[in-house]
Structure formats: C-alpha cells, structure tokens
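Me: I'd like a close look at one spot in this model, and then at what surrounds it. Could you take me through it in one go?

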Amino acid sequence: MKENSHKVRMMVEGGLCIALAIALSFIKIPIGAGFGGFGGSIDFVMVPLLFFAIKWGPRWGCLAGLVFGTVKYFLGSGFVIHWISILFDYSLAYAAVGLAGVIGIFMKRSSPAANGIGAFLGCFGRFIIHYISGITVYAQYMPEEFMNFKMTTPSIYSLLYNGTYMIPNTIIAIVIMVIIAKPLKKLYEID
C-alpha cells in the first residue's frame with residue numbers, strides 16, 4: 001500500500017512540476033534570435049524539473065523532462081528545422097535536466113549544496129544535448145560571423161550560440177535551487 005501511495009505521489013508531483021514548467025515557459029526573455037540565430041531564451045522552466053529530479057531521482061527526472069520537452073514543442077513554442085531537432089532541442093535536452101537527480105544518490109536532497117550541484121548537472125546535461133544539435137542539425141546554418149567572431153567550425157559556433165542562453169539559465173537555476181532548498185526541505189521528504 002505504501003509503495004502505491006509513493007507512486008501516486010510521484011506521478012502527481014511530476015504532473016504538477018511539468019505543468020509549472022509549461023506555465024513558466026511562457027515567461028521568457030528571448031536571446032538566441034537576438035544574435036541572428038533561431039532561438040534560445042532565458043527562463044525559469046528548469047527549476048520545477050530540477051526539483052522533481054533531485055527529489056525522485058534521475059530515472060523519473062529524465063522522464064519528466066522528456067514529457068515536458070515534448071509537450072513544450074507541441075504547444076507551439078518551439079522552432080525546428082528537422083524532426084531530429086525536435087528530439088535534440090526539446091525531448092532529449094529537457095530529459096537531460098533529469099540528470100540532476102544523480103546528486104540525491106550521494107548527498108542529502110534538501111541541502112543547498114545538493115541543489116546547486118544537481119542544478120549544474122541538469123543544466124550541463126541539457127547544454128550537451130543542445131551542443132550536439134548545434135554541431136549536427138544546425139551546422140549548415142552557421143553564419144560566417146557570430147558575436148563579432150569569425151566562425152570556422154560548427155563546434156565553436158554551437159558552443160557560443162548555446163552558451164548565450166544556457167550560461168544565464170544555469171546561473172539562474174543554481175541560485176534559485178540553492179535558495180529554495182531550505183524553505184522547501186519538507187517537500188523533499190518522500191515518506
């Protein structure tokens with residue numbers, strides 16, 4: 001009976017965190033397009049996904065991120081040039097945010113340090129997926145110049161382009177996750 005109540009609680013919390021992330025996705029500062037690119041923005045969508053992943057672990061965190069990323073695309077807030085970019089830029093990128101849950105294996109989930117490190121892991125995972133998308137799917141769209149730098153290789157372009165929005169998003173996510181760790185301590189308890 002207790003195991004079933006844990007599963008129900010996890011699914012309800014997962015649904016709430018996904019819904020909150022979707023709501024937060026409409027509050028954003030577009031940044032990627034400002035550099036002549038296709039997209040990227042500064043927002044708070046990763047915070048509920050990070051919280052869920054840190055609380056319930058990487059497996060469920062990755063699943064919640066996958067669901068969020070896929071739903072985000074289909075709600076029309078996404079830009080793609082190929083079906084593979086749907087996978088990389090939405091489904092897999094947000095699934096990688098669930099890697100934050102790895103920290104709960106090694107540290108107390110409600111500690112500010114665990115939240116900060118977990119947020120970094122999740123954001124870094126998302127960045128890696130976007131980076132791979134940039135050097136594969138979007139390589140053909142690399143401009144000759146980006147941010148006043150001559151672009152000679154898709155790897156440098158992808159690093160700079162994805163860094164323009166992922167670095168601020170990572171900093172914001174880490175700061176918020178560290179700040180909310182203690183006030184939400186009770187919510188990190190599973191039993």
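Reply: Asn169 sits in helix 7, where helices (H or I, at least four residues) are DSSP runs numbered from the N terminus. Bear in mind that this is a predicted model: local features need pLDDT of at least 70, side-chain atom pairs count only at pLDDT 80 or more, and totals for chains, interfaces and linings use all residues. Residues are numbered from 1 along each chain as its sequence is written, and side-chain values use heavy atoms, with hydrogens and water left out.

Asn169 is buried, at a relative accessible area of 1%; buried means under 20%, exposed over 50% and partly exposed in between, using a 1.4 Å probe and protein chains only. Its side chain reaches the backbone oxygen of Tyr165 at 3.0 Å. Beyond its neighbours within four places in sequence, Asn169 is in contact with Ser41, Ile42, Asp43, Met46 and Arg126 (contact means heavy atoms within 4.5 Å).

Follow Met46 from there. Apart from neighbours within four places in sequence, Met46 is in contact with Asn169, and also with Tyr94, Val97, Cys123, Arg126, Met166 and Ala173.

Met46 also turns up in the largest nonpolar core, which has 39 residues; Val45, Met46, Leu50, Phe68, Tyr94 and Met177 are the ones touching the most other members. A nonpolar core here is a set of buried Ala, Val, Leu, Ile, Met, Phe, Trp, Tyr and Cys residues joined through side-chain atoms within 4.5 Å. Helix 1 (2-24), helix 2 (46-56), helix 3 (58-77), helix 4 (83-97), helix 6 (112-136) and helix 7 (154-181) each supply at least two residues of this core. Helix 2 gives the largest share, nine residues. There's a second, separate core of six residues too, including Phe88, Ala93, Ile129 and Val137.

Now for how helix 2 meets helix 6. Their axes come within 10 Å and cross at roughly 115°; axes are lines fitted to C-alpha atoms, for helices over the stretch in contact, and angles run from 0 to 180 degrees between N-to-C directions. On the helix 2 side the contact uses Met46, Leu50 and Ile54, and on the helix 6 side Ala114, Asn115, Gly118, Ala119, Gly122, Cys123 and Arg126. So Met46 and Arg126, both in contact with Asn169, belong to this helix pair's contact as well.

Notes
A polar contact is a pair of N or O atoms within 3.5 Å; within protein, one must be able to donate a hydrogen and the other to accept it, and residues adjacent in sequence count only if both atoms are side-chain atoms.
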